[in-house]
Amino acid sequence: MRRSTALAAIGAVFACCVVGLSFVTVGQSGANARAGQMLSASSQQFLGVTPSAAPSSASSVGLSALAAVALGAVAVRALSSGAARKTETRATFVSVGSSAAPTFRDTLIACHAQASEAGAPSVAEVDGHIEELEAMAKKAMAGAASAACAMVFTGSMADPASAYPIFAQQNFKEPIEANGRIACANCHLQSRPIDVRLPHTVLPDTIFKIMIEVPSKWESRKQLLATGEKGDMNVGAIAILPDGFQLAPKDRLPKPTKKEMKGLAWVQYSKEKPNVVVAGPVPGARYEKMILPVLAPDPAANKNIHFDKLTVNFGGNRGRGQVYPEGNQSNVNQFNAKLEGKVVSIEGDATKTVTIQGADGSSVAQEVLPGATIVVNVGDTVKKDEPITTNPNVGGFGQEEKDIVLQDVDRVYAWCAFATSLFIAQLAFVLKKKQFEKVQLAEGF
């Protein structure tokens, strides 16, 4: 029974080692490393070995944890087999004053006494350590699984350096504020116009297209990159549709609409808001006019949707923003003097430091990010908030609000019938009047 229990525990520890080794190979997270340290400390305490310093890297921590677990399992196996061998070889103990063969209880007591004299742990202690190792192995496996989920989720997300809409998606649950300002305007401070065209009326469960045009001189204007170099300007857009409206499924898109989209990909702002979609960043020269296919809702299928006049908000951006979500400014900014005084030094290559000394002797070292052109020289006198660099921003953000009517086809038919009957009634009145005039003329009135 003890042997099967020990083997089961060793099997669990071995399974944990295999799982942990796979996660160490792909790169462990902080939680998995801490679980590995817990296993290592417990195993070293069980074996009576002085713990060593933890490795600096996550991989070495995971390897040491696995090695400690394996060593602990080997020790448990050795103790179990050793206890079994001692039980077999020293089963000749005979109590004083008795010539009969020793009972099982006497043999067990003798084995316990011999193990205690040898300094080996008791069976109860071994069982307790095995249970402790099993519990920690389960914790390690759970931590490894959660770390794997975190790595998969993080790996599936776009790189924030090249996916500007993800800034708004990560930091703003609501894409539009109560005052009507879209979240993108918090980072893109400069204003630029956009043009949106969409149908005035749509029918339920139909696909219609919206064109968002973000005009700019794409061939001549180049945006400033984070490294300070100039590159092609990108473009992005966001559409905040009414509740129930959503991105049209691909299997229902007409071929002409697919051709007009030019491979542009729209994605949902979040799982909770399928009516809000974003696109970009994409090359502005190719996607100056972005086509958005939308599927209108059906009030017959969703009782929360009603036939009404609805509001749609759009936003379009070209170029990089001026502020990062953390609050620090990017290099797409015009830098101003923080102090009135004299420029005493300009140092640095890509990122320059401009030192200004005031009249009272105080000085301020102002950092100028890469890409901007400094318009002051050493020895020049500047005023506070006076520009010391050019403005490299060639982009900007614009938003527009439109109305759309979700129309009931029965209302259209009813209006057509009413207009036709009204026309016939008016025509009948005119004809009757002409007939009455002819009768009066015939009778000599």
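Are phenylalanine 208 and phenylalanine 245 buried or exposed? Both residues are buried, a word used here for a relative accessible area under 20%, with exposed meaning over 50% and partly exposed the range in between (1.4 Å probe, protein chains only).

## Model and confidence

The structure is a predicted model, in which local features need a pLDDT of at least 70 and side-chain atom pairs count only at pLDDT 80 or more, while totals for chains, interfaces and linings use all residues. Residues are numbered from 1 along each chain as its sequence is written, and side-chain values use heavy atoms, with hydrogens and water left out.

The pLDDT, the predictor's confidence in each residue on a scale from 0 to 100, averages 75 over the protein, and 63% of the residues score at least 70. Residues 1-76 have a pLDDT below 50, and this stretch has 83 contacts in the model beyond near neighbours in sequence, a contact being heavy atoms within 4.5 Å. The pLDDT is also below 50 over residues 78-102, a stretch with 14 such contacts. Where pLDDT is low, the predicted coordinates should not be read in detail.

## A four-stranded sheet

Helices (H or I, at least four residues) and strands (E, at least two) are DSSP runs numbered from the N terminus, and two strands pair if DSSP finds at least two bridges between them. In the order β1-β3-β10-β7, four strands form an open sheet with antiparallel pairing. Its edges are β1 (195-197) and β7 (246-247), each of which has a single partner strand, so one side of each is left without a neighbour in the sheet.

The antiparallel strands β7 and β10 (residues 289-295) are joined by two bridges, and leucine 247 has valine 294 as its bridge partner in β10.

## Aromatic pairs

Rings of Phe, Tyr and Trp (its six-membered ring) pair if their centres lie within 6.5 Å; planes under 30 degrees apart count as stacked, over 60 as edge-to-face and the rest as tilted. The count by this rule is two aromatic pairs. Phenylalanine 208 and phenylalanine 245 form an edge-to-face pair, because their ring centres are 6.2 Å apart and their planes stand at 80 degrees. Since phenylalanine 208 lies in strand β3 (residues 207-213) and phenylalanine 245 in the loop between β6 (234-240) and β7, the pair ties together parts that are 37 residues apart in sequence.

Tryptophan 415 and phenylalanine 418 make a tilted pair, with 5.9 Å from centre to centre and 40 degrees between the planes. Both lie in helix α8 (residues 409-442), three residues apart, which is about one turn of the helix. Tryptophan 415 is exposed at a relative accessible area of 56%, whereas phenylalanine 418, at 46%, is partly exposed.

## Nonpolar cores

A nonpolar core is a set of buried Ala, Val, Leu, Ile, Met, Phe, Trp, Tyr and Cys residues joined through side-chain atoms within 4.5 Å. The largest has 35 residues, of which Phe208, Ile210, Ile212, Phe245, Trp266, Met290 and Phe314 touch the most other members. At least two residues of this core come from each of β3, β6, β9 (273-283), β10, β11 (309-318) and β16 (396-406), and β10 supplies the largest share, five residues.

A second, separate core has twelve residues, among them Ala337, Val368, Ile374 and Ile388.

## Glutamine 223

Glutamine 223 sits in strand β4 (residues 222-224) and is buried, at 3% relative accessibility. Its side chain reaches the backbone oxygen of aspartate 232 at 3.0 Å, and the side chain of glutamine 223 also reaches the backbone nitrogen of arginine 320 at 3.4 Å.

Technical notes. Polar contact = N/O pair within 3.5 Å; in protein donor to acceptor, adjacent residues only side chain to side chain.
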